[in-house]
Amino acid sequence: MTTETGEFTGTGGRISWRAWQPETRARAVIALSHGVAEHSGRYEHVGAALADAGFAVYALDHIGHGRSEGARANIGSLDGAADNLAALLELASQAHPGIPRFVLGHSMGALVVLHLATRGPGPLDVAGVAVSAPPLDIPLGNPLQKLVAPLLTRYAPNLGVLTLDSSTISRDPAVVAAYDADPLVSRGKLPARTAVEILDHTDLVKQRLGSLTAPLLVQHGTEDRLAAPSGADRLETGTGSADVTVLRYPGLYHEVYNEPEREQVLADLSDWLGKHVTGE
């Protein structure tokens with residue numbers, strides 16, 4: 001495996017990206033979209049595992065995240081994030097022409113993937129869509145916060161409105177400690193702009209699920225307290241795809257790729273990708 005980093009000018013500013021490349025010709029390319037307040041570097045083990053399985057994995061830092069430009073943890077817009085993920089996918093395809101393409105997203109990154117795959121005007125040109133912890137049902141925020149948030153996003157978009165409890169991401173104490181100590185992870189309250197973008201696009205994506213026709217993989221922990229497991233149920237029954245695989249992991253928390261059972265979860269992901277690579 002080899003690694004690579006780079007930048008491009010995207011919607012909202014400069015976008016930083018990294019890639020994990022297999023030693024031999026790639027079987028497919030994967031554009032990876034991370035979750036809120038974190039960054040692509042937290043997917044080092046995911047990229048390495050998939051590269052070892054023959055996939056070229058490209059992961060960006062969203063605007064306001066990691067090493068990309070923007071106010072910390074302020075996504076700017078989900079539509080812009082989808083534009084940037086599409087640009088990353090094209091960048092990866094140009095580096096590896098003529099092979100299948102996949103998009104992979106976790107949590108908010110899964111919402112970005114689902115938005116990209118359903119916003120049209122036609123179907124996304126990929127061999128498959130894979131998401132973990134899709135936030136289609138979010139058990140966070142009270143009615144007053146949801147009422148006030150649209151005003152805040154207009155007049156005070158960087159004002160913190162919601163605190164994420166790091167103990168809910170994983171049952172592995174080492175993962176939580178590393179998350180809390182990571183200087184590229186935003187540990188303050190989630191900005192109003194990001195919260196509203198997530199809530200608004202959650203509703204929008206649910207309305208458009210029927211237009212998602214690509215093969216779909218959903219991985220979700222049954223004890224996820226940040227993105228309700230019922231989001232997986234919505235995807236299982238609500239898309240227009242004839243090829244939907246939903247894997248529910250009993251007892252696992254939000255970050256299924258960072259749980260003690262991560263090797264099995266990553267193996268499931270790699271196996272599904274392999275089964276959907278055409279032309280081998």
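Mentor: Ala73 lies in the loop between strand E4 (55-60) and helix H2 (78-95); helices (H or I, at least four residues) and strands (E, at least two) are DSSP runs, numbered from the N terminus. The model is predicted, so local features need pLDDT of at least 70 and side-chain atom pairs count only at pLDDT 80 or more, while totals for chains, interfaces and linings use all residues. Residues are numbered from 1 along each chain as its sequence is written, and side-chain values use heavy atoms, with hydrogens and water left out.

The phi angle of Ala73 is near 65 degrees, a positive value in a residue other than glycine. Most residues other than glycine have a negative phi, and most peptide bonds are trans. Ala73 counts as buried because its relative accessibility is 4% (buried means under 20% relative accessible area, exposed over 50%, partly exposed in between, with a 1.4 Å probe and protein chains only).

Ser107 belongs to the loop between strand E5 (101-106) and H3, and it is buried because its relative accessible area is 10%. A cis peptide bond, with omega about 10 degrees, links Gly120 to Pro121. Pro121 is in the loop between helix H3 (108-118) and strand E6 (128-132).

His96 counts as buried because its relative accessibility is 18%. Its side chain makes a polar contact of 3.3 Å with that of Tyr58 (a pair of N or O atoms within 3.5 Å; within protein, one must be able to donate a hydrogen and the other to accept it, and residues adjacent in sequence count only if both atoms are side-chain atoms). Leaving out residues up to four places away in sequence, His96 touches Gln21, Ala26, Val29, Ala56 and Tyr58, where contact means heavy atoms within 4.5 Å.

Another loop residue, His39, sits between strand E3 (28-33) and helix H1 (44-52). His39 counts as buried because its relative accessibility is 5%. The side chains of His39 and Asp182 make a polar contact of 2.7 Å, and a polar atom of the His39 side chain lies 3.0 Å from the backbone nitrogen of Gly41. His39 and Ser68 are 29 residues apart in sequence, yet 9.2 Å apart in space, C-alpha to C-alpha.

H3 packs with helix H6 (residues 192-208) at an angle of about 45 degrees, their axes being 10 Å apart; axes are lines fitted to C-alpha atoms, for helices over the stretch in contact, and angles run from 0 to 180 degrees between N-to-C directions. H3 and H6 are therefore oblique to each other (angles under 35 degrees count as roughly parallel, over 145 as roughly antiparallel, 65 to 115 as roughly perpendicular and the rest as oblique). Met108, Leu111, Leu114, His115 and Thr118 of H3 meet residues of H6 that include Ile198, His201 and Val205. The contact of H3 with H6 has 6 nonpolar, 5 polar and 1 charged residues, where Ala, Val, Leu, Ile, Met, Phe, Trp, Tyr, Cys and Pro count as nonpolar, Asp, Glu, Lys and Arg as charged, and the others, Gly among them, as polar.
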